[in-house]
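Subject: Structure for your files

Hello,

Here is the structure you were waiting for. My notes on it follow below.

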Amino acid sequence: MISPQSAAPERRREAPSFSSFFGTKKWLMVLGLLLVVCVFVVPVFRLLLLSVLDKGAWSSAHYESIWKETATWTAVRNTLYTTAGSTILSLVLGVSMAWIMAYVHLRGKRWMQLFIFLPFIIPSYITTLAWIQFLGKSGPVFSLFGWAPNLYSMGGIIFLLGVSHYPLVYLFTVDVFRKIPRELEDAARTSGAGRKHVLLKVVLPLALPGIAGGGLLAFLTNLDNFGIPAFLGIPANIRVLSTYIYEQIAGFGPSSFARAAVLSVLLGAIALAGTFLQWLLLKKSRVTETVVRDTNPRIYLAPRPQQLLEAGIWLFLGVTSLVPFLAMGALSLIKAYGLPFRPENLSLENYYYVFLEDAKTGSALWNSVWLAVFTMGICLVAGTALAYLRYRGDSFLAKWMELFVTVPYALPGTVLALCMIFAWMQPIPGWNPGLYGSVWILLIAYVTRFFVLQVRGSYTALLQVDPSMEEAAKVSGAYGWVKWRRILLPLLFPGLAGGALLVFLMVLTELTVSSLLWSTGSETIGVVIFNYEQAGYTTYSTAFASVLVLAILAGGLLFTALSRQWERKVMKKQ
Amino acid sequence: MIEVNNVTKQYGSFTALHEMDLSIRKGEFTAILGPSGCGKTTFLKLLAGFMKPSSGDIHIDGFLAASKKRLVPPEKRNIGMVFQSFALWPHMTVYEHVAFPLRHHHHTRDEWKQDIGARAQQVLKLVGLEQLFDRYPAELSGGQKQRVALARAIAPLPDVLLMDEPLSALDIELRVEMRNEIQRIHRETHASVVYVTHDQGEALAMADKIVVMNHGKIEQIGSPEAVYTRPETAFVASFVGKCNMVKGKWEQDFFIPNEFPWERWPDIGVTESLKEEGLCPVRPEQWKLAGEKEEGLKGTVLTVQYQGKEIHYTVEVENENWTVHQSVFQPKYGIGDTVSLSVKAEPSQKAASL
């Protein structure tokens with residue numbers, strides 16, 4: 001089968017040359033670190049600085065005046081109530097859903113997963129808009145029962161925060177459950193423990209760090225959220241810290257920036273404490289990272305209970321992920337707000353107005369799309385470069401850089417927006433290049449905020465590629481661009497694209513940061529919907545939001561199809 | 001020609017390699033043998049240029065290739081490498097794997113660069129894969145993947161072929177078959193091979209020279225036969241030859257075991273360093289097992305394992321457990337039997353070791 005054939009004639013000889021990269025590499029790293037510090041860390045310090053300066057002198061006056069106001073404490077109390085309540089709701093929904101999806105045999109799990117993700121990829125202010133229509137006076141619930149719960153209340157905020165963010169807890173814990181080795185449960189059962197005992201004594205204790213981590217993540221997201229308390233709380237006079245800060249800036253009082261800075265320090269401190277706690281918990285649960293995921297079900301129910309459970313899950317998913325959006329879509333077709341849903345009242349007028357008559361919408365769409373594309377491009381290149389440095393793991397500089405770029409994402413959006421204003425209004429004191437008030441501040445803010453998402457996405461993608469793949473390329477003589485183009489990029493594609501898509505979606509539908517940084521001419525999609533809703537043009541906001549939801553769904557499906565194609569075509573998986 | 005001078009590699013406070021010295025001649029097949037964590041993979045990565053040594057230097061063909069300050073990166077060295085996990089690129093066909101180094105390797109000959117297809121075909125024929133040129137790694141068996149990895153490594157005809165436990169991912173039968181394959185490719189390419197393994201069978205079967213390593217240090221360098229029959233340290237004796245280490249005194253040409261001062265054992269090829277330590281390594285097959293009434297050390301059989309052509313016994317002698325391999329044609333013993341042990345005098349082995 002093998003022909004004996006000599007392949008050993010003369011070899012090509014050349015004196016080896018040293019890599020010239022070693023000298024410059026260190027300097028590049030130091031330069032990168034400096035850049036990272038300037039963009040990601042300095043703004044936070046400028047916020048701190050502003051909160052303790054009064055007319056150019058050190059002062060605690062702002063803190064004192066804020067401290068004395070009852071409005072501050074009402075906002076803090078509201079914040080704590082809403083975040084605590086919604087975190088508990090997210091935890092209960094997310095953990096039980098994760099446990100069922102990880103362990104119980106059910107039909108149609110793929111579709112269920114898709115519906116669980118839906119509230120996650122659709123921005124929370126659109127979900128809120130949908131629920132407002134669903135439970136509103138002309139919504140299906142009111143017309144069926146003659147009564148509907150009032151969403152413009154503390155309970156409404158808690159409910160919507162909980163429902164919007166339980167997918168986070170789910171995503172975080174479902175793999176924790178799957179990674180608990182089946183043998184551990186089997187060992188407990190052969191030692192005489194019943195199902196209940198196994199759950200209480202083995203599964204839950206092992207999953208606890210993961211559950212706690214998921215809970216903290218939900219807590220941080222709820223704390224950070226601006227859309228839901230803005231849509232529901234502002235009309236009902238319920239202020240939480242994020243909306244209170246927004247109102248300070250929007251109010252334009254004499255000391256509004258300084259007051260907002262003090263409140264931001266307060267909110268930022270709570271958020272960073274939470275992030276630190278989460279980091280500690282994650283470190284503890286890291287052991288499970290090496291264990292293989294086991295996606296096979298462990299519990300088989302009798303046919304009847306299984307059907308009941310499936311029906312229950314579909315009912316829940318339908319109510320939380322589908323029906324509100326249908327209600328929103330339906331409302332967007334009604335000529336005038338308040339008319340009943342009948343064929344003679346339906347038209348595409350709202351769509352016509354939003355997309356063809358109102359010039360703001362067109363420019364907002366254009367702004368959001370190009371901002372998303374640019375942000376994605378910058379994050380993709382620079383974020384992947386940072387992830388690669390981190391992956392090579394030979395530099396503590398890279399570790400510091402990763403820590404620094406996490407800060408803007410850990411801070412609530414309102415706080416970051418303020419940081420951006422203070423940092424870029426006069427990047428060097430005394431010099432105002434006019435960034436604040438133009439669209440460029442949005443681009444800077446988006447890159448600063450979402451950079452870490454791409455770093456994490458690229459890093460995860462890199463971890464999945466065996467180091468020997470790259471080593472083999474180097475031994476074969478490929479380096480630099482050839483190595484990336486021929487070997488690394490094809491292998492990393494879905495991971496990089498997933499991270500980039502996430503950044504794109506986040507920017508496209510961003511509201512929190514934009515609501516504080518936009519100016520006339522630089523409106524974004526989120527800002528326009530928010531302004532429609534605040535001005536009472538509910539039919540317009542629902543029309544715009546419906547189109548956005550459809551676009552997001554189309555994008556998600558396209559990505560899924562593309563990554564399947566990649567699996568088949570590139571990785572040759574059957 | 002590779003010269004490794006006084007190379008040390010540290011990871012933080014852990015020293016993976018201690019002041020290693022080694023020279024590898026052109027065209028030589030060198031096996032680096034040792035248990036996991038002995039530093040052999042670290043050594044291979046230093047040879048490939050994936051990292052720099054903490055001190056010392058490596059010269060290849062008289063040129064400085066690596067020191068604490070300078071490093072010729074792997075893509076500029078004249079090397080090929082076969083990885084433990086094969087490291088095949090899932091998105092490339094067999095042909096593309098072979099063509100890749102032909103296109104990018106710095107030392108590919110110009111006429112091959114101009115006609116990559118012809119050279120690729122030649123290489124694929126050499127490893128017996130010319131029919132499978134358009135397959136992807138996912139469509140290949142373990143042995144075929146191994147051949148692709150080999151073909152990729154040898155395609156540009158590198159001076160040095162580095163192999164990192166290339167057979168450990170294959171099943172036992174395939175391993176023996178691939179040993180022949182690798183030997184043949186070594187013969188036909190005339191490349192220097194540095195072959196890292198923890199399997200002493202592979203090292204003994206293929207290498208011209210074996211370097212036994214433990215705890216980041218070289219224990220012994222020698223031909224397979226020398227390493228097997230004349231171990232210089234207790235570690236080499238037990239790791240390569242699976243020897244029973246008997247403690248005692250050496251007097252001129254005979255050995256007196258501590259527990260049995262009346263015994264006199266002949267010198268069966270023991271090196272001076274072991275004699276100084278007062279050790280006599282006895283390989284399992286060097287024992288002669290006889291019935292209770294015969295002469296020899298008395299012991300009790302603890303375990304019996306039937307292996308087909310041999311029977312492996314564990315015999316307890318004065319609180320020590322010794323391993324004894326006997327041919328199935330010898331008398332058989334059961335658990336609990338009292339047996340007599342003595343050392344076979346084999347003049348042929350003594351001669352061979354010199």
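Where in chain B is the place of Ala87(B)? Ala87(B) sits in the loop between S6 and H2 of chain B. Please keep in mind throughout that this is a predicted model.

**The loop in chain B**

Ala87(B) is not a glycine, yet its phi is positive, at about 55 degrees. Phe86(B) is likewise a residue other than glycine with a positive phi, in this case near 75 degrees. Is Phe86(B) buried or exposed? Phe86(B) has 22 other C-beta atoms within 10 Å and is therefore buried, the cut-off for that being 20 or more. Ala87(B) has 22 C-beta neighbours inside 10 Å, so Ala87(B) counts as buried.

**Domains and strands of chain B**

The domain assignment of chain B gives domain 1 as 2-226 and domain 2 as 242-352. Between the C-alpha centres of domain 1 and domain 2 of chain B there are 39 Å.

Strand S9 (residues 209-214) and strand S10 (residues 217-222) of chain B run antiparallel and are joined by 5 bridges. Asn214(B) has Lys217(B) of S10(B) opposite it. S9(B) and S10(B) make a hairpin, with 2 residues between the strands. In the turn, His215(B) has a positive phi of about 50 degrees.

Further along chain B, there is an open sheet of 5 strands, ordered S15-S19-S16-S17-S18, with antiparallel pairing. Its edge strands are strand S15 (287-290) and strand S18 (320-327) of chain B, each of which pairs on one side only. On average, and ignoring direction, neighbouring strands of this sheet are turned by 45 degrees against each other. Strand S17 (residues 310-317) of chain B runs antiparallel to S18(B), and 8 bridges join the two. One of the residues involved is Val317(B), whose bridge partner in S18(B) is Glu320(B).

Two packed helices are described by the angle between their axes and the distance between the axes.

- H3 and H7: the axes of helix H3 (residues 70-103) and helix H7 (residues 154-179) of chain A come within 5 Å and cross at roughly 40 degrees. This crossing of H3(A) and H7(A) is right-handed. The residues of the contact of H3(A) with H7(A) comprise 21 nonpolar, 8 polar and 1 charged.
- H15 and H18: helix H15 (residues 359-392) and helix H18 (residues 440-463) of chain A have axes 7 Å apart and pack at an angle of about 45 degrees. H15(A) and H18(A) are therefore oblique to each other. Their crossing is right-handed. In the contact of H15(A) with H18(A), the residues divide into 18 nonpolar, 5 polar and 1 charged.
- H4 and H13: helix H4 (residues 109-121) and helix H13 (residues 303-332) of chain A cross at roughly 30 degrees, and their axes come within 9 Å. Angles under 35 degrees count as roughly parallel, and H4(A) and H13(A) are therefore roughly parallel to each other. H4(A) passes H13(A) in a left-handed crossing.

Regards

How values were computed: Residues are numbered from 1 along each chain as its sequence is written. Chains are lettered from A and ligands numbered from 1 in the order in which they are written. This is a predicted model: local features need pLDDT of at least 70, side-chain atom pairs count only at pLDDT 80 or more; totals for chains, interfaces and linings use all residues. Axes are lines fitted to C-alpha atoms, for helices over the stretch in contact, and angles run from 0 to 180 degrees between N-to-C directions. Helices (H or I, at least four residues) and strands (E, at least two) are DSSP runs, numbered from the N terminus. A crossing is left-handed if the near helix is turned anticlockwise from the far one by less than a right angle, and right-handed if clockwise. Ala, Val, Leu, Ile, Met, Phe, Trp, Tyr, Cys and Pro count as nonpolar, Asp, Glu, Lys and Arg as charged, and the others, Gly among them, as polar. Two strands pair if DSSP finds at least two bridges between them. Angles under 35 degrees count as roughly parallel, over 145 as roughly antiparallel, 65 to 115 as roughly perpendicular and the rest as oblique. Domain bounds come from an automatic or database domain assignment. A residue is buried if 20 or more other C-beta atoms lie within 10 Å of its own, exposed if 12 or fewer, and partly exposed in between; C-beta atoms are placed from the backbone.
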